[in-house]
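I opened the model to look up a handful of local features and kept notes as I went. The entries below follow the order in which I looked.

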Amino acid sequence: MSEAEGDSKASEPESAAATGESSTQEKSAEEQAEQMEYFRRLFSRTLNLSQEREAEEETPRPQQVLDEVTVEGIAKYIRDGKCRNIIVLTGAGISTSAGIPDFRSPGTGLYDNLQKYNLPNPQAIFEIGFFKDNPEPFFALAKELYPGKFKPTWCHYFIKLLSDKHLLLRNFTQNIDTLERVAGVSAGAMIEAHGTFYTAHCLGECRKEFTQEWVKEKVFNDEIPRCPDCDGVVKPDIVFFGEAMPAKFFPSVLADFPRCDLLIVMGTSLQVQPFASLVDRVPETCPRLLINREKCGQVDPIMRMLGFGGGMEFDSENNYRDVAWLGDCDDGCKALAELLGWKEELEELVHREHARIEAQIEEDKKTAAKRVPAEGQAAAAVEECAEGGSAAAASPDGSRQESTAATADSSKKVAPTSKKSKEVKPDVPQTDVTPTPSSDGVETKSSEEKDDQEPSEKGSSDL
């Protein structure tokens with residue numbers, strides 16, 4: 001046998017072994033694919049989460065109600081009167097043009113600009129456990145974001161216009177800035193899914209409710225709002241991570257979404273649950289319009305491979321209802337309003353309301369400016385009273401009679417100032433004069449001083 005023949009025969013077993021190994025690998029891959037398909041179908045049947053059935057039992061695509069799956073098709077659908085129960089889902093993106101930062105935009109988002117608060121992580125500022133231990137960072141941030149400093153945007157007024165035309169079933173908003181309320185959307189037409197600054201409650205034993213104005217005053221005075229009854233921290237009624245959703249959220253979802261005939265999603269990344277899953281709560285025939293800087297809410301490819309449906313399908317060949325308008329939310333609302341023939345009406349509403357709000361802001365500034373001199377006069381009177389009381393206390397015999405006389409004399413000096421303030425500025429509330437201590441530590445007030453005092457504020461909603 002030649003050496004070549006020997007090598008040839010020796011290589012035959014090696015070739016057969018390689019062929020057998022390749023065949024085994026192919027068989028293993030086929031088995032894995034079969035197992036994956038088996039588990040996919042098992043999950044689909046067991047959890048009832050699939051949008052598809054077995055291949056032999058394909059479900060026909062739901063009816064397409066849009067003439068064309070475009071923004072123009074959405075506008076025609078509205079103009080033709082085919083929808084009367086529009087639900088609008090909104091996030092922080094509709095308020096950025098008002099000057100309020102959103103949460104996740106790189107560089108400008110809220111979570112990228114919290115370093116100064118020395119947080120363990122950016123989201124800690126909205127975690128209830130962290131807040132209870134250390135409320136100062138949240139209230140420092142709240143001073144920057146507090147309602148009353150911002151005007152509603154075109155998006156807010158577009159929602160208001162839908163409401164005025166009796167097309168809005170509900171606005172589910174993630175925002176806590178109350179700009180929907182400022183724009184005139186009624187409380188009954190809104191679900192503030194993540195709560196609101198509009199009201200607040202004590203976290204202590206009493207659970208007392210407080211007004212937005214009471215909390216705001218404390219926050220802008222750099223104070224931690226505390227309950228006067230139990231000393232608990234008073235927290236605005238916004239939903240922190242770790243807290244339950246508002247009581248009416250889930251009942252409203254169950255009642256509203258089956259009726260929805262058009263879903264509009266604006267200014268949200270659809271990353272926070274359970275809000276993000278609301279896009280799948282509408283009927284299968286309901287068109288869905290996204291107005292956003294980027295696409296979001298699309299189903300995860302892995303979940304799609306496993307047969308779990310849900311999410312937007314903008315880029316799918318089978319898309320029959322999902323439309324994305326990409327850009328600034330205000331511009332999207334303007335474009336849709338123009339297609340609907342509402343452009344001039346929306347412009348007039350925005351300009352009129354912004355003018356009204358700006359006039360109110362100027363009026364508030366003037367009122368505040370008037371209040372400062374009046375408070376300065378009262379403060380000077382208090383200081384004068386205190387000096388009079390100190391002089392009496394320092395008299396040689398330290399008699400109570402001299403102290404009382406000094407107090408009465410100083411009260412006479414205070415009274416004309418108080419009366420003058422009332423005559424010149426009848427709309428400015430007078431600051432209470434601090435009681436003057438007598439030489440024996442007993443507080444004394446003149447009868448005239450008592451008459452001038454206003455009732456003290458409790459600050460709670462009981463008033």
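For the first entry I needed a rule for polar contacts: I count a pair of N or O atoms within 3.5 Å, where within protein one must be able to donate a hydrogen and the other to accept it, and where residues adjacent in sequence count only if both atoms are side-chain atoms. The model is predicted, so I read local features only at pLDDT of at least 70 and side-chain atom pairs only at pLDDT 80 or more, while totals for chains, interfaces and linings use all residues. Residues are numbered from 1 along each chain as its sequence is written, and side-chain values use heavy atoms, with hydrogens and water left out.

Entry on Arg170. I found Arg170 in strand S2, taking helices (H or I, at least four residues) and strands (E, at least two) as DSSP runs numbered from the N terminus. Its side chain reaches the backbone oxygen of Gly188 at 2.9 Å. I then listed what Arg170 touches, with contact meaning heavy atoms within 4.5 Å, and leaving aside residues up to four places away in sequence I noted Ile86, Ile87, Val88, Gly188, Ala189, Met190, Ile191 and Asp256.

Entry on the whole chain. I counted 13 helices and eleven strands. Of the 463 residues in the chain, 40% are buried, where buried means under 20% relative accessible area, exposed over 50%, and partly exposed in between (1.4 Å probe, protein chains only). The accessible surface of the chain comes to about 25500 Å², and carbon and sulfur atoms hold 50% of that; these areas come from the Shrake-Rupley method with a 1.4 Å probe, and for residues only the protein chains shown count as cover. Among contacts with a separation of 6 or more, 70% are between residues 24 or more positions apart.

Entry on strand S4. Two strands pair if DSSP finds at least two bridges between them, and on that rule I see S4 (residues 195–202) pairing with S6 (residues 234–238) in the antiparallel sense over four bridges. Cys202 stands opposite Val234 in S6. S4 also runs antiparallel to S5 (residues 209–211), to which three bridges join S4, and here Thr199 has Thr211 as its bridge partner. The hairpin of S4 and S5 has six residues between the strands, and in that hairpin Arg207 takes a positive phi near 60°.

I took a salt bridge to be a side-chain nitrogen of Lys or Arg within 4 Å of a carboxyl oxygen of Asp or Glu, and the side chains of Lys208 and Asp229 meet in one at 2.8 Å, N to O. Lys208 lies in the loop between S4 and S5 and Asp229 in the loop between H7 and S6, so the pair ties together parts that are 21 residues apart in sequence. Are the two partners buried or exposed? Lys208 counts as buried at 16% relative accessibility, whereas Asp229 counts as exposed at 52%.

Entry on the other salt bridges. A search of the whole structure gave me 17 salt bridges. Lys76 forms one with Asp67, with the closest N and O atoms 3.0 Å apart, and Asp80 forms one with Lys76, with the closest N and O atoms 2.7 Å apart. Lys76 is partly exposed at 32%, Asp67 is exposed at 52%, and Asp80 is partly exposed at 39%. I also noted a network of salt bridges that links Glu348, Arg352, Glu353 and Arg356.

Entry on backbone angles in loops. His166, in the loop between helix H5 (154–164) and strand S2 (168–173), has a phi near 60°, a positive value in a residue other than glycine. His166 is exposed, with a relative accessible area of 62%. Asp222, in the loop between helix H7 (212–220) and S6, has a positive phi of about 60° although it is not a glycine, and Asp222 is exposed, with a relative accessible area of 62%.

Last entry, on a cis bond. Which residues does a cis peptide bond join? I found that bond between Gln273 and Pro274, with omega about 5°, and I placed Pro274 in the loop between strand S7 (262–266) and strand S8 (288–292).
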